[in-house]
Amino acid sequence: MHDAEGFRKFVAVRGRALSRAAYLLTGDHAKAEDLMQETLAKAAAKWRRISAADDPEAYLKTMMINQLRTWHRPRSLVFFPTSQPPDSGAPPPDTELKIVLRHALTTLTAKQRIVLYLRFYEDLPEAQIAARLGCSVGTVKRHTHDALKRLRKAGIHEPA
């Protein structure tokens, strides 16, 4: 019972950070929820071992990454063209950027998205990313390069 209570407390405290990581990894709220649910279900079963780790949150994020790598779901993007926008109010100033960014992220492969997340959100060096993903540093550099190239092609540029 102690393990279950500790797990509930951990999720209550760090759940938002894990949810944000899941969203950044998937780029979709529904898929992020699925990823979180699957990861937390697996983590609950072995919480005693996970909680004994140096950094349980990092352990869970690694579990999320590994879970995402096993998904083989084709991405589908559905557009519903209309002659009028759905509302008459002016969109918030950053709405266009969010739409462009969301679309640009859908052009990335799962591995590219994972590498960008680990490199720029988790701020990990390339060597640590390679170790975490079980690949070479060159592979990490290639995924980073290809992902950034795709984002630039889609109109996303690095801030000045």
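In the predicted model, Ser19 has its place in helix α1, where this residue is partly exposed, with a relative accessible area of 35%. Although Ser19 and Met36 are 17 residues apart in sequence, their C-alpha atoms lie 6.6 Å apart in space. The C-alpha atom of Ser51 is 8.7 Å from that of Asp3, a residue 48 positions away in sequence.

The protein as a whole contains 8 helices and 0 strands, and its elements, read from the N terminus on, follow the order α-α-α-α-α-α-α-α. Of its 160 residues, 30% count as buried. When contacts between residues at least 6 apart in sequence are considered, 66% of them join residues that are at least 24 apart.

Aromatic rings were examined next. A pair of aromatic rings is described by the distance of the centres and the angle of the planes. A search of the whole structure finds 3 aromatic pairs. In one of them, the rings of Phe7 and Trp47 have centres 5.3 Å apart and planes at 65°, and because an angle over 60 degrees counts as edge-to-face, this pair is assigned to that class. Phe7 lies in helix α1 (residues 2-26) and Trp47 in helix α3 (residues 47-51), so that the pair ties together parts of the chain that are 40 residues apart in sequence. Both Phe7 and Trp47 are buried. The rings of Phe10 and Trp47 form another pair, with centres 4.9 Å apart and planes at 45°, and this pair is therefore tilted. Here too distant parts of the chain are linked, since Phe10 is in helix α1 and Trp47 is in helix α3, 37 residues apart. Phe10 is buried, as is Trp47. Taken together, the ring pairs link Phe7, Phe10 and Trp47 into a cluster.

A further feature of the model is the packing of two helices, α6 (residues 110-121) and α8 (residues 137-153), whose axes are 9 Å apart and meet at an angle of about 100°. Because angles from 65 to 115 degrees count as roughly perpendicular, α6 and α8 are described as roughly perpendicular to each other. On the side of α6, the contact is made by Lys111, Gln112, Val115, Leu116 and Phe120, and these residues meet Val140, His143, Thr144, Asp146, Ala147, Leu148, Arg150 and Leu151 in α8. By class, the contact of α6 with α8 comprises 7 nonpolar, 3 polar and 3 charged residues.

Apart from its neighbours within four places in sequence, Gln112 is in contact with Thr107, His143, Asp146, Ala147 and Arg150. Phe120, which is also listed in the contact of α6 with α8, takes part in an arrangement with a charged side chain: the charged end of Arg119 sits over the ring of Phe120, 5.9 Å from the centre of that ring.

The loop between α6 and α7 (126-133) includes Glu122, a residue that is partly exposed, with a relative accessible area of 25%. If residues up to four places away in sequence are not counted, Glu122 touches Lys61 and Tyr117. The C-alpha atom of Glu122 is separated by 9.8 Å from that of Ala58, although the two residues are 64 residues apart along the chain. Asp123 lies in the loop between α6 and α7 as well, and with a relative accessibility of 59% this residue counts as exposed. Most residues other than glycine have a negative phi. In Asp123, by contrast, phi is near 60°, which is a positive value in a residue other than glycine.

Key: Residues numbered from 1 in each chain as written. Predicted model: local features only at pLDDT ≥ 70, side-chain atom pairs only at ≥ 80, totals over all residues. Heavy atoms only, no water. Axes fitted to C-alpha atoms, helices over the stretch in contact; angles between N-to-C directions. Helix = DSSP H or I, 4+ residues; strand = E, 2+ residues; numbered from the N terminus. Parallel < 35°, antiparallel > 145°, perpendicular 65-115°, else oblique. Contact = heavy atoms within 4.5 Å. Nonpolar A, V, L, I, M, F, W, Y, C, P; charged D, E, K, R; others polar. Phe/Tyr/Trp six-rings, centres within 6.5 Å; stacked < 30°, edge-to-face > 60°. Buried < 20%, exposed > 50% of the residue type's maximum accessible area, 1.4 Å probe, protein only. Lys NZ or Arg CZ within 6 Å of the ring centre and 35° of its normal.
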